Amino acid sequence: MHYFDNAATTVQKPQQVAQAVYDALNSQELGNPSRGAHGYSLNAYRKVLAAKCLVKELFQASSDYEVVFMHNSTTALNVVLKGILHPGDHVLTTVWEHNAVLRPLYQMRQQGLFLDFISGEPLTGALRYDEFEQRVRPETKMVVCNHASNVTGNVLDLDRIKKFCKKHGIFLVVDVSQSAGAYPVDLSDGVISAVCFTGHKSLYGPGGTGGVCLKKDLTVKPLITGGDGVHSFNREQPAGLPGVLEAGTANVTGIVGLAAGIRYILDKTVEQMLQKQSRLAQIFVRGARSIPNLTLYGDFTHPRVSVFSVNIGDADSAVVSEILWEEFHMATRSGFHCAPLMHEALQTERRGTVRFSFSSFTAEEDVRQAVEALKSIAKR
């Protein structure tokens with residue numbers, strides 16, 4: 001078996017992640033955080049607080065930032081976008097975006113939001129950065145962008161976008177679903193307003209974990225309201241972070257597992273993770289480019305994460321992916337990867353692509369076998 005669908009979720013996790021979840025459940029010492037002054041509640045609160053500190057360490061976030069845990073980056077993006085934007089605001093986003101960004105923005109556009117897209121180049125998907133200045137308006141309130149494409153693996157020139165947002169006084173919200181844990185995410189300069197992350201990909205946490213690391217001075221209207229354990233007689237969710245976004249009971253065991261995944265990354269360092277991914281990328285790209293009739297999509301002249309999209313001849317991506325699974329026992333992802341505008345930019349909107357994505361548990365021999373499998377299919 002060869003697992004090459006890590007951009008969807010990492011199946012192979014560090015052993016300490018599973019152990020941390022088991023220990024949290026088996027300890028019978030973790031109650032409901034912020035829902036009591038007894039030891040069980042305080043134990044859980046300390047675990048959650050420690051996990052928040054690890055998130056801030058990973059993202060190099062200062063004391064100006066707050067961490068709020070949620071189910072995943074989809075939830076976090078909905079909370080941030082719908083909690084900050086209002087009818088009449090203008091948003092700039094890109095063709096790289098996942099539907100976790102696109103669908104909330106489309107929904108808000110029906111309610112009076114104005115929306116413009118930064119386009120991408122055919123075949124590579126590289127952004128046309130000059131369009132930011134061309135499309136900015138006086139009412140532009142936010143740029144929301146995907147740090148790393150889940151289709152091509154391209155990494156955004158975030159420094160360039162930071163300068164643009166700082167120049168125009170615009171909020172910057174970044175979806176780091178594909179980059180968190182696999183590529184440096186640096187909030188130390190305080191320019192980024194919020195990063196939305198998920199736990200189940202390159203952070204090696206359990207499914208159903210993730211959240212947002214956001215500036216404390218942001219005013220965010222809560223998407224979900226309910227109990228906060230303290231202000232029970234208030235008819236509205238109490239203002240102020242993190243409580244305004246933390247209605248209901250936290251997923252303490254999941255958060256403990258996520259913390260173990262982040263600790264695994266911090267111990268190895270993101271830089272070492274990136275070096276290994278670069279070695280795997282060299283093997284895959286060199287091999288893929290040697291295969292006649294194979295198209296490899298993406299910009300390979302700039303930094304990237306280990307996500308690769310290919311097509312063979314005129315074959316539908318689903319057919320190729322099925323052959324890889326049935327004959328070679330290789331799990332890949334076919335189709336459109338919830339990123340329709342990127343496929344329009346790449347001109348693959350009819351058949352999608354076959355996506356390979358690697359993790360720190362992917363071996364070089366796995367990648368070589370993937371190349372050999374593609375060669376075999378391409379000969380047919």
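**Entry on Glu 364.** I looked up Glu 364 and found a salt bridge to Arg 279, with the closest N and O atoms 3.7 Å apart. I count a salt bridge when a side-chain nitrogen of Lys or Arg is within 4 Å of a carboxyl oxygen of Asp or Glu. Glu 364 sits in helix 11 (residues 364-378) and Arg 279 in helix 8 (residues 270-289), so the pair ties together parts that are 85 residues apart in sequence. Helices (H or I, at least four residues) and strands (E, at least two) are DSSP runs, numbered from the N terminus. Glu 364 is partly exposed at 31% relative accessibility, and Arg 279 is partly exposed at 42%. My cut-offs are under 20% relative accessible area for buried, over 50% for exposed, and partly exposed in between (1.4 Å probe, protein chains only). Through shared partners, salt bridges join Arg 279, Glu 364, Glu 365 and Arg 368 into one network.

**Note on the model.** This is a predicted model, in which local features need pLDDT of at least 70 and side-chain atom pairs count only at pLDDT 80 or more, while totals for chains, interfaces and linings use all residues. Residues are numbered from 1 along each chain as its sequence is written, and side-chain values use heavy atoms, with hydrogens and water left out.

**Entry on other salt bridges.** How many salt bridges does the structure hold? I get 16. One of them pairs Asp 5 with Arg 355, with 3.3 Å between the closest N and O atoms. I checked both ends: Asp 5 and Arg 355 are both buried.

I then looked up Asp 189, whose side chain meets that of Lys 162 in a salt bridge of 3.1 Å, N to O. Asp 189 lies in the loop between strand 6 (171-175) and strand 7 (194-198), Lys 162 lies in helix 6 (residues 158-168), and the two are 27 residues apart. Is each end buried or partly exposed? Asp 189 is partly exposed at 45% relative accessible area, whereas Lys 162 is buried at 9%.

**Entry on Thr 140.** I found Thr 140 in strand 5 (residues 140-146). Thr 140 is buried, at 8% relative accessibility. Its side chain makes a polar contact of 2.6 Å with the side chain of His 90. A polar contact is a pair of N or O atoms within 3.5 Å; within protein, one must be able to donate a hydrogen and the other to accept it, and residues adjacent in sequence count only if both atoms are side-chain atoms. A polar atom of the Thr 140 side chain also lies 2.7 Å from the backbone nitrogen of Arg 137. Beyond neighbours within four places in sequence, Thr 140 is in contact (heavy atoms within 4.5 Å) with His 90, Leu 92, Arg 135 and Ile 170.

**Entry on helices 9 and 11.** I went back to helix 11. Its axis comes within 11 Å of that of helix 9 (residues 317-328), and the two cross at roughly 115 degrees. Axes here are lines fitted to C-alpha atoms, for helices over the stretch in contact, with angles from 0 to 180 degrees between N-to-C directions. Which residues meet? Val 320, Ile 323, Leu 324 and Phe 328 in helix 9 meet Ala 373, Leu 374, Ser 376 and Ile 377 in helix 11.

**Entry on cysteines.** I searched the whole structure for disulfides (cysteine sulfur atoms within 2.5 Å) and found zero. Cys 145 is in no disulfide either, its nearest cysteine sulfur being that of Cys 165 at 7.1 Å. Cys 145 is buried at 0% relative accessible area, whereas Cys 53 is partly exposed at 47%.

**Entry on Gly 210.** Gly 210 lies in strand 8 (residues 210-215) and is buried, with a relative accessible area of 0%. I checked Ser 73: it is 137 residues from Gly 210 along the chain, yet their C-alpha atoms are 5.9 Å apart. Contacts of Gly 210, neighbours within four places aside, include Val 68, His 71, Phe 197 and Leu 258.

**Entry on the backbone.** I found a cis peptide bond between Leu 241 and Pro 242, with omega about 0 degrees. Pro 242 is in the loop between strand 8 and helix 7 (252-268). His 337 has a positive phi, near 55 degrees, and is not a glycine. His 337 is in the loop between strand 12 (333-335) and helix 10 (340-346), and is buried at 1% relative accessible area.
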